[in-house]
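Biologist: Hi! I'm new to this one, could you walk me through it?
Modeller: Happy to, let's bring it up and start with a side chain.

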Amino acid sequence: MKRQWYYRGSLKFCNYSCSYCPFSKGRFCKQSLLKDKEAFLRFTRQMCLNQCGGAVLVVPYGEALIYPYYWEGLAALSQSGQIDAVGAQSNFSFPVKEMLSVYKDHGGVIEKLRLWGTFHPEMTSVEQFAKQCGLLQDEQVLFCAGAVGVPENLEQIRRLRGLLPDFAYLWINKMDGQKRPYTDTEIAAFMEIDAYFWQELKHYKADCRKCVDSLFVEADGTLRRCNVSRQSFGNLYGDFDSGAKGERTTECKSRECSCYLAYCNRTDGTVPFFSPYPAFRIPVFPKAVFLDIDGTLVPKGEQTVSKEMGERLLRLAKRCDIYLATSLPLQIAKRKLAPVWHIICGGVFASGGRRMVFGRGREGRSFDRVSPIETSWLTRADGQKQAYGYTLHVYRKGTQAYKATLSFRHGKKGIACSKAKRVELIRKLCLPDSCRVLWEDHCMQILGKGTGKLSGILEICREMGYRKEEVAAFGDSIHDREMMDYFSVGKNVAPYSGARSD
């Protein structure tokens, strides 16, 4: 995730008059508007002058995009080579063609524009809001849309989902102030619309150690970590060093990261397909995703994928080709993912010892390859089982062995936690130079040199034509770090190109 900038000016009035919103009661004031304009344009000049990098999202108390100066400022920011994306939260009531003309006339880069639109049932119809989204789509503007999860508005939100293009993410915010929890039926209904609604129902205790690189700027330049943090730590126009990385405050002074703009900045708060700038709430789906199984798709100790995780994978399969990257052999992987096995396109099995494509992805291609290991040492391994307390498993394709595992018992006879015993055993096994050893939990894995999850993924990518920036990989162990560090969902992978219809 890269640096996310948020800007909130002094604007505190709106063209909508929603009953629940305090800013709908604010009155238009020409003098206040001029003050807000001066503050925003000062902010944009300072950002360009300091060559601040990352992305900028305007998060106003009111509706900003009905005023041309916000489009002028966003256009100026978009011209900076350091800024990857610009955008704003809005009710999408602005005249689309007119305001986009202002943006373009001031040099705005349309490819960098990202808009967040909230549907307000009290103020506009489903059809009118969807029409505005369609105009943005016609102009190739990336956007997300959403609504507050009011149970009474469920049917309207469902109709909106049906009118929006498939690529457009429709998010649901939890309803603040509801005097009862959502029912299971309501949660299921909103999850059908927004697969990530479960994040809204979590409670994120404020913890600065889990904050990533985000900065919230107020009209006077005051800097905070996010929109709910009450702790300031400098001023954009004074004691701020734009080149400094990861400024941190010692405390937040807020009890909870209570909304998306707060928890999306956390290391534990955002689903990965919203990177590198989750603030815009626009999913960026890769063409292929490689997933670890144990600890990632299936909790440690469980034998099969949960119903909830299975449903998430089914939804993801509409967007991406899904592959596995696991230490498990094929048959165990297949058993653990049996309910969703029909959507798996292949994968890297046995920690890279076996690579397979099932013919379900691009062009129906398929292959099944292993990296054979020498087996002369297996007799010695079989003879040491009782002394060291392990069970020996050898994985084969036909007559070719491609992986062996030594699974150790717990207790006094087990050696899983003894480094000295590990070294002693490896010496007694006299493994050939062509073998490599991996330790995971209470298991010793022996594979051919040069094998691994990353090398296996790269082989599949070459065969299937996936570029690095079109691939993502996720896991939970130290052995997954190499593949996760290598791949990321790049900023150039647009939702348009990755989307598929239902």
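Modeller: Look at R8: its side chain reaches the backbone oxygen of V59 at 2.7 Å. Do keep in mind that this is a predicted model.

Biologist: Good to know. Which side chain does the R8 side chain make a polar contact with?

Modeller: With that of Y61, at 3.1 Å.

Biologist: And where is R8 found?

Modeller: R8 is in strand β1, which covers residues 4-8.

Biologist: What else is R8 in contact with, leaving aside its neighbours within four places in sequence?

Modeller: The contacts include P60, F216, V217, A219 and N227. V59, Y61 and E218 are on that list too.

Biologist: Let's zoom out. What is the strand order in the sheet of nine strands?

Modeller: The order is β6-β5-β4-β3-β2-β1-β7-β8-β9, in an open sheet with mixed pairing. The strands at its edges are β6 (170-173) and β9 (232-235); each has a single partner strand, so one side of each is left without a neighbour in the sheet. Neighbouring strands here are turned by 25 degrees against each other on average, direction ignored.

Biologist: How many bridges join β3 to β4?

Modeller: Five, between β3 (residues 83-90) and β4 (residues 113-118), and these two strands run parallel. Opposite Q89 you will find W116 in β4.

Biologist: Which strands does helix α4 touch?

Modeller: Helix α4, residues 126-138, packs on the sheet and touches β4 and β5 (142-148). The direction of α4 makes about 165 degrees with that of β5.

Biologist: Now the sheet of six strands, what is its order?

Modeller: β14-β13-β12-β11-β10-β19, and this sheet is open with mixed pairing as well. Its edge strands, β14 (366-370) and β19 (471-474), each pair on one side only. From one strand to the next, the twist averages 15 degrees.

Biologist: How do β10 and β11 run, parallel or antiparallel?

Modeller: They run parallel, with four bridges joining β10 (residues 288-291) to β11 (residues 321-325). The bridge partner of V289 in β11 is I322, while F290 has Y323 as its partner there.

Biologist: Which way do the side chains of β10 point?

Modeller: A288 and F290 point one way, and V289 and L291 the other way. In general, side chains in a regular strand alternate between the two faces of the sheet. In β10, all four of these residues are buried.

Biologist: Changing topic: what is the phi of R281?

Modeller: About 60 degrees, which is positive although R281 is not a glycine. R281 sits in the loop between α8 (260-263) and β10.

Biologist: Is R281 buried or exposed?

Modeller: Buried, with a relative accessible area of 2%.

Biologist: And A350, where does that lie?

Modeller: A350 lies in the loop between β12 (344-349) and β13 (354-358). Its phi is positive too, near 55 degrees, in a residue other than glycine. A350 is buried, with a relative accessible area of 0%.

Biologist: Thanks, that helps a lot!

Definitions and conventions
Residues numbered from 1 in each chain as written. Predicted model: local features only at pLDDT ≥ 70, side-chain atom pairs only at ≥ 80, totals over all residues. Heavy atoms only, no water. Pairing = 2+ DSSP bridges. Axes fitted to C-alpha atoms, helices over the stretch in contact; angles between N-to-C directions. Polar contact = N/O pair within 3.5 Å; in protein donor to acceptor, adjacent residues only side chain to side chain. Contact = heavy atoms within 4.5 Å. Buried < 20%, exposed > 50% of the residue type's maximum accessible area, 1.4 Å probe, protein only.
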